[in-house]
Structure formats: structure tokens, C-alpha cells
Amino acid sequence: MSAVERTDVLIIGSGFGGAIAAYHLAAGGAKVVVLERGPWLDSNEFDHDFKLGSSYTRIFDFVVGDGMSVLGGNCVGGGSVVYFATMPRAPGFVFDRHGSIGRRMWPASISRDVLEPWYDRVEASLPITMQTWDRVPYAGGLFGAACAHAGRTANPAPAAIDVDMCTNCNWMMAGCRFDAKRSLLLNYLPAALAHGAQIRPLHEVQRLSRTADGGYRVHYRVVDGEDYRILHDAGTIEAKLVVLAAGAGATPVILARSAPELGAMPHAVGRYFSGNGERLNTAVFDEDRIRDVLGLDRGDGSAYRGHQIGRGPTVASWDRLDASLPEYERYSLEQLYFPPGLGTILAQAPGAERASWFGVHKKQMLRDWQSWMTIFTMSEDDNEGVFGPPPETGNAHRLSQQMLGNGPLRYRPTANTWRGWSLADADVKDILERDGLARVRPWTNDLVGAYTVHPLASCRIGDDPATSALDDGHELRGHPGIFVTDGSAVPGALTVNPALTISALAERAMPGIVRAARARGIAVTYGAPTPEGATSARRAIARTA
């Protein structure tokens, strides 16, 4: 009989919630194993192309649900490898939201003031800096100028980017070849490895079961490195404590599949999913009007033609992030580079009489692709997403060799959610179509439904056991020793990019998780300093250690 593998702590997922937990627990003396479903890539493996089998398809997970499609990371480092690194703090009113339940969604113990020191810690760890107007790429400057022309304000956004190292190549979604983007591969993860944590890529967790001593047995399958539909060896690891950080689209699926062996899950597991109220508008600018109305010129005879240049979202308009406004009428507008691919296919041609993903209007629109700009709305939704029965393996039925799957999520936007989207659509149109600067067309839900890159709230924290799967310490109700620290723990839409808030919540949860670990017999302490940034060389050494 083969020996049973055991560890103190088993962490599922290596994104923000998993990496932060791995660092603190390993630095505190616990034996830590991290299982990551995706591959482990170094910076020189991040490809600047859209070929199948390149880093672009290997490190993404695109799951089409019923009414909602979710794009997330699928690699060591999780969403931090594929995110645009825009890292604002959530507005204070977010923590007082009532949402669909008619009373405060967030635990009474958490407010913006409570999170401030944890925000500070994450900002120092990555680190995060405020971009300045003189370093904003041209697309951000154009959006700022258009907002000013319309009597609105706009601001450069804080970002986890070393702008001195950034080449403005705009391939951030495929991973940063230059280590300018401060992904978790450069801070928390190498620091965790330096303290003895193990990270195992291409290990997909299927379910959890209990051990006789009150711990947990984690069941996994090894994923083929080329074709993610193929699963190889099966294995188990026993742990005294488990941290789930597989993402809001996978964590509830793992728990639902575990229920027959673990026992009933809290009612809120797999319910109250939020897409962070996200919506896209595509604008096609008129180069002559930009020059005549705004007086802009890049110095080479063109007024803009900069869609492919930059580093993702750099400028946002936060005028509607006003606590005095009614709920569902507050949102941010963010200038965004949405690269060619699915967005190009589904972007509708402005001015067409009906939905036009193809045809003459679209062909004319594609000729002007360098004059495009995407405006990204993050609003307040109604947490209306619900997960159905889990697939046999993984978080989705794999449809292709990499990246694409069909998942159990069902999403039907309510009138409240549509109110925010409609107001934001009208706002974008008013700002960018003023004096003929651009023609704008919003995303349609007709073909693939709503779309999010920031899934939240499918196993959320809260005070009410009927509407929250976790207590305010992130422990799963009725299942002591299981914690959730990813985006699924966030109670609802944040109206801004959520990565910093997810990270701050994970940092805040760590002292309590360490206390729970000690109560379960794990020799671990809390108090590790802010992890130091790591160079590529240090990361490569840590990876092979």
C-alpha cells in the first residue's frame, strides 16, 4: 500500500486569495501545498499572438453559462497573470449596500475604514502606484479629453505596474513578458516558495471529503498540459485545514460536488453570483473630429489611431461613484483596451439598424480598428446568478483543447441591474458622441448573455446564514477548517475593479485562519512582513527548487 500524502494546509488555487494564504501560512511555519489547475509559465513563455496552444489560450478559462460568460485566469498566479492590474479601493458606500436581500449585505465587522490597513499592506506588497497624466498612454488621454469636453471628470487609475519597465505593448492579458505588471509571480508566490510552500500546476481539485480525525481529504486529477479535456492520474492529499481560492466560477462547483461526502452545504453556496455589474461599449472615433474638436494630434499626422498601443485601462471616470445616488445608479466608466478575438467578433457596428456582428457595417467598422476604444462599465447588480448541478469533473464541460467550456451558471439580469447598465450606456454615448467625436454601440446580451472578467459572490461572507455561505472570518458555515478567500467571498458588486479588495479581504482573514490552524494542531504563527518583490531570476530559482 502506498503512503498517504499529508500536509498541514492544502490551498486550492494560486490567484490572489490562494497566494496570500500560501505566503502567510508558509512563512508562519505551516507545511503548505498549493494545487493549481493551470500551467506554470515564466515571463519568456508569454506569447504575443492569438495562436491556439500559445500562452493566450493556455492561461485563460472562458466559460459560457446560461446568460453569463466568465473569463478568468487558468495558471499559476491565477487572475493576476491575465489582469490589467488596475487596483482602486472600493468606494465606502459599497459596504453599506443592501442589494437583492433588502438589508446590509456585508458583515457588520467590515467597512472601508476597517479594510484600509489591509489595502495598505497589499499596495506595499505588489506594489501599487498611482499613474500620472504624463505617463498615461494616448488612449487614456483621449478618454480624459472627451470627458472634460463633456463636463465630466476623469482620473488616472492606480495600477500594479512599473511604468518605467512597461513598453506599452498592450499584451497584458496574455501575461507580461517584461515583468512590468506586478503579478503574483513576483511577490507573494516566490515569497511562499522561499518559506517551503509547494506549488503543483496542472492539478485540478474535484472534491473534498473528511478524514477520521476531523481533517480533509482533497481529491484531484492531473490535467494534460496540451489538451485540458484529458485528465490523467488521480490522487488525494490529506490536510488539517483547506483554503479554497479557485475563483468564483469554480469554488462553488467544488463544494457542490463535495456535498454528498461532506454533508449539506450552506444555502448560499453557488447562489448570489455577481458579475460585478460589468458591461462593454465599443466606440469608433472620427479622427478628423478628434483633431478639430479636441485639438489632439499625436505628432505624426494622426489624431488617435492608438487602439493597439498602451497598457489596458489607465483612465476612469468616477463621477457616478456618489453615495448620495440611489443604489443601482452608481457605476464607474473605464477606458479599456480589449484585444482582438472574441471582443472584435462580438463588437457591434454603431449605426446599424439591427445587431451586426458581421456584414457591410461590420466590415466598414473593422477598417477603422485603430480608432476603436472600449469603455468598461462596473455597476451595481442584483447578485442574480445561480449555479446548477456541477459537471462530472472540473468547473465546466470542456469544449475545446484549451480555454473554452460550458458551465452550470445561470444568469438573468433583473430590472435593477438593467437600470445601471442603461444609465451607463447613455452616459458613454453622451460623452463620446458629443460633437461627433465617435459612434458608440453597447454590448448586446442576445448572443452569449452578459459578460464578466470579475466574477464575485458565489460563496460570500456575511452575517446572515440564509444569504451568506461564509462567516465574517471566511470560514464555511457548518464545515470548520474550510476557508474561502477568493472573489467568491466578496458579497457583491464593487463598482470598481475588485482585485485589490479581494486581496485586502484575504489579508484581513489571515490572522483568524492562523488561529483556526493552531486550534487544529498546526504549529504556525502570524506576523510575516510584507513580501519583498522578486526578480525574474529569483522566480526561476524558486520555481526549480
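Modeller: One definition before we start: a salt bridge is a side-chain nitrogen of Lys or Arg within 4 Å of a carboxyl oxygen of Asp or Glu. Keep in mind too that this is a predicted model.

Colleague: Fine. How many salt bridges does a search of the whole structure find?
Modeller: The count is 26.

Colleague: Start with Arg89. Which residue does Arg89 form a salt bridge with?
Modeller: Asp120. The closest N and O atoms are 2.6 Å apart.

Colleague: Is Arg89 buried or exposed?
Modeller: Buried, because its relative accessible area is 19% and the cut-off for buried is under 20%. Asp120 counts as partly exposed, at 41% relative accessibility.

Colleague: And Arg97, what does its side chain meet in a salt bridge?
Modeller: Glu327, at 2.8 Å from N to O. That pair spans 230 residues of sequence. Arg97 is in the loop between α3 and α4, while Glu327 is in the loop between β13 and β14. Both residues are buried.

Colleague: Which residues do salt bridges with shared partners join into one network?
Modeller: Arg89, Arg112, Glu116, Asp120 and Glu123.

Colleague: New topic. Where is Glu380?
Modeller: In the loop between β15 and β16. Its relative accessible area is 0%, so Glu380 is buried.

Colleague: What are the polar contacts of its side chain?
Modeller: A polar side-chain atom of Glu380 lies 2.6 Å from the backbone nitrogen of Tyr328. There is also a 2.8 Å polar contact between the side chains of Glu380 and Arg330.

Colleague: What else does Glu380 touch?
Modeller: Among others, Phe93, Arg97, Glu327, Thr417, Ala493 and Thr495. So the Arg97 and Glu327 of the salt bridge turn up again as contacts of Glu380, because both are on its list and a contact means heavy atoms within 4.5 Å.

Colleague: How far is Glu380 from Gly99?
Modeller: In space, 8.2 Å from C-alpha to C-alpha. In sequence they are 281 residues apart.

Colleague: Back to the loop between α3 and α4. Is Thr86 buried or exposed?
Modeller: Thr86 counts as buried, at 3% relative accessibility. Thr86 lies in that loop. Its side chain reaches the backbone oxygen of Pro313 at 3.3 Å. Leaving aside neighbours within four places in sequence, its contacts include Ala157, Glu334 and Asn497.

Colleague: What does β14 pair with?
Modeller: β13, antiparallel, over two bridges. Six bridges join β14 to β15, also antiparallel. Glu334 has Phe376 in β15 as its bridge partner, and Ser317 has Leu333 in β14.

Colleague: Now α5. How far does it reach?
Modeller: The helix has twelve residues and reaches 16 Å from first C-alpha to last, close to the 16 Å expected. Its buried residues include Leu142, Phe143 and Cys147. Among the elements covering them are β14, β15 and α11. Gly151 follows α5, with a positive phi near 80°.

Colleague: Last one. How many residues are in the largest nonpolar core?
Modeller: It has 124, and Leu25, Val32 and Trp106 have the most contacts inside it. Helix α12 gives the largest share, twelve residues. Another core of 26 residues lies apart from it, with Val136 and Phe285 among its members. In soluble globular proteins, nonpolar side chains tend to be buried together.

Colleague: And Val32, what does it touch?
Modeller: Its contacts include Thr7, Ile11, Leu25 and Gln198, not counting residues up to four places away in sequence.

Key:
Residues are numbered from 1 along each chain as its sequence is written. This is a predicted model: local features need pLDDT of at least 70, side-chain atom pairs count only at pLDDT 80 or more; totals for chains, interfaces and linings use all residues. Side-chain values use heavy atoms; hydrogens and water are left out. Helices (H or I, at least four residues) and strands (E, at least two) are DSSP runs, numbered from the N terminus. Buried means under 20% relative accessible area, exposed over 50%, partly exposed in between (1.4 Å probe, protein chains only). A polar contact is a pair of N or O atoms within 3.5 Å; within protein, one must be able to donate a hydrogen and the other to accept it, and residues adjacent in sequence count only if both atoms are side-chain atoms. A nonpolar core is a set of buried Ala, Val, Leu, Ile, Met, Phe, Trp, Tyr and Cys residues joined through side-chain atoms within 4.5 Å. The expected span of a helix is 1.5 Å times one less than its number of residues. Two strands pair if DSSP finds at least two bridges between them.
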